[in-house]
Amino acid sequence: MQAASSCDLKFRSTNPTAKTARFSHSLPKRVSVQCGYRSESFSFPNGVSVSRADWQSSCAILSSKVDSLEDPGGLASKIAVVNGHSNGSVNLGLVPVEKTSGKLAPVQPLTITDLSPAPLHGSSLRVAYQGVPGAYSEAAAGKAYPNCEAIPCDQFDVAFQAVELWIADRAVLPVENSLGGSIHRNYDLLLRHRLHIVGEVQIPVHHCLLALPGVRTDCVSRVISHPQALAQTESSLDRLTPRAAREAFHDTAAAAEYIAANNLHDTAAVASARAAELYNLQILADGIQDDPGNVTRFLMLAREPIIPRTDRPFKTSIVFAAQEHKGTSVLFKVLSAFAFRNISLTKIESRPHHNRPLRVVGDGSFGTAKNFEYMFYVDFEASMAEARAQNALAEVQEYTSFLRVLGSYPMDMTPWSMSPTEDA
C-alpha cells in the first residue's frame with residue numbers, strides 16, 4: 001500500500017468492510033466532527049501575532065536551547081506511517097475478521113501489529129483507549145467524547161500510535177489515580193510521542209467483585225485484576241475472600257473477560273459493573289473500593305493542539321529539564337516564576353532523564369558524587385492565552401535546557417458525584 005503524500009492524507013483500504021468490522025464494537029454511534037480551532041490570532045508577549053499554524057509549532061517546543069531527546073533510531077524511525085508518510089517498516093495489510101460458527105469473533109484490542117492505515121474519515125469520532133470493552137478507560141472515552149466509536153488497544157503506546165497513524169482521532173489515557181498515584185508509563189509516552197493534550201476528564205472508580213453465575217463468595221480461591229484495582233480493594237477482599245489468592249492481571253475488564261472465556265468457577269475479578277454485563281458475570285459484591293473518593297484522571301490527546309482561550313478555566317501542562325550542572329536547584333526557581341505571578345500548580349511529577357541519567361558533581365578532590373537527572377512535569381491553572389502564563393514560561397526558559405508545552409486545554413469542570421455511573 002502506498003502512503004499518501006503530505007497534501008493528501010486520505011488512506012485507501014482494499015477491504016473497508018473487514019476494517020470496519022475489526023474495530024467496531026457493541027453499539028457504535030455517529031456524531032458530526034467539528035474543528036476545534038478558531039480563526040482568532042494569538043499574541044505572545046513580544047507582540048508577535050501568530051496564526052493557528054504558528055501556535056501549533058510554538059506550543060510543541062518553546063525553548064530555543066532544546067537538547068536532542070529523541071533516539072536517532074527510536075520511535076520516529078520505526079513508525080511506518082505518520083501523517084501520511086511511509087518508510088515501509090510495518091506491514092500495512094488489513095487484519096482479517098475471524099468468524100466462529102457464522103458469527104463474528106469477540107472484539108480483540110488493537111495490538112502493535114494492527115497499526116495499518118485507517119479508513120476514510122467518516123462522521124464518527126474514533127477514540128483509542130487502553131483495555132477491552134468494559135474497562136474504566138472506555139467509560140472515560142465515553143464521557144470525554146459522547147457517542148464516539150471507542151477503539152480498544154492492548155497497550156498504552158499502541159493508543160498513542162493509533163492517533164499518530166490516523167487510525168483514531170483521539171486517545172483518552174489515564175495519568176493519575178487518587179489512591180494509586182501517577183501512571184508513570186503514560187508520562188514517559190507523553191514525552192516520547194508528539195501528541196498534544198486537548199482536554200481532561202475525571203472518572204470515579206466503582207469496583208465490583210465479579211464471578212460466573214452461581215458461584216458463591218466462599219467458593220472463590222483466586223481473585224484477579226489490575227494491580228492498582230487489587231490495592232484499592234484490599235480491605236474489602238480481606239473481608240469477602242480472606243482465603244483467596246490475589247493475582248495481577250493487565251486490565252480489570254480483561255480479567256472479567258478471561259474468567260468468562262475460560263469458564264473459571266473458582267476465580268473472581270475486580271472490575272466494573274459494565275464488565276459484568278458485557279461478559280455475563282454476576283456481581284458478588286458492589287462498591288468494594290476501600291476509599292469512596294477513588295477517582296482517576298484521564299487526558300484527551302490529539303494530533304494537533306487547540307487554540308488556548310480565556311473565556312473558561314484552562315490548565316496547561318509542560319515538561320522541562322534543568323540546565324546542565326544545576327540539577328534540582330532549578331526547581332525552586334521554576335516554582336518561584338509561577339508563585340510570583342499567582343499561578344496555582346496542580347501537579348508536579350519527576351521522571352528520570354533517560355538520555356542523561358546521572359549528573360556528576362564535585363571537583364574530584366574527594367571523589368565525585370553522582371546524582372540522578374530528572375525531567376519535571378508540571379500542570380498549572382492558567383491558559384497560554386494569558387500574559388502571566390507566557391511571562392512565566394519565558395522566565396522558566398532561562399533555567400532550563402529543554403522546555404515543551406504538552407498542551408493548554410479546558411479543565412474538567414463537571415459536577416462531582418460519587419454515585420456509580422452506568423460504565424463504572
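Is Arg185 buried, partly exposed or exposed? Arg185 is partly exposed, at a relative accessible area of 39%. Buried means under 20%, exposed over 50%, and partly exposed in between, with a 1.4 Å probe and protein chains only.

A word on the model. It is predicted, so local features need pLDDT of at least 70 and side-chain atom pairs pLDDT 80 or more, while totals for chains, interfaces and linings use all residues. Residues count from 1 along each chain as its sequence is written, and side-chain values use heavy atoms, without hydrogens or water.

Now the salt bridges. The whole structure has 18. The cut-off is a side-chain nitrogen of Lys or Arg within 4 Å of a carboxyl oxygen of Asp or Glu.

Arg185 pairs with Asp157, at 3.7 Å, N to O. Asp157 sits in helix 5 (residues 156-164) and Arg185 in helix 6 (residues 184-192), so the bridge ties together parts 28 residues apart in sequence. Helices are DSSP runs of H or I, at least four residues, and strands are E runs of at least two, numbered from the N terminus. Asp157 is buried, at 13% relative accessible area.

Next, Arg222 and Glu247. Their side chains meet at 3.1 Å, N to O. Arg222 is in strand 13 (residues 222-225) and Glu247 in strand 14 (residues 245-248), 25 residues apart. Glu247 is partly exposed, at 36%.

Third, Arg309 and Asp311 form a salt bridge at 2.4 Å, N to O. Arg309 is partly exposed, at 31%. Asp311 is exposed, at 53%. Separately, salt bridges with shared partners join Glu176, Glu200, Arg297, Lys315, Lys347, Glu349 and Asp379 into one network.
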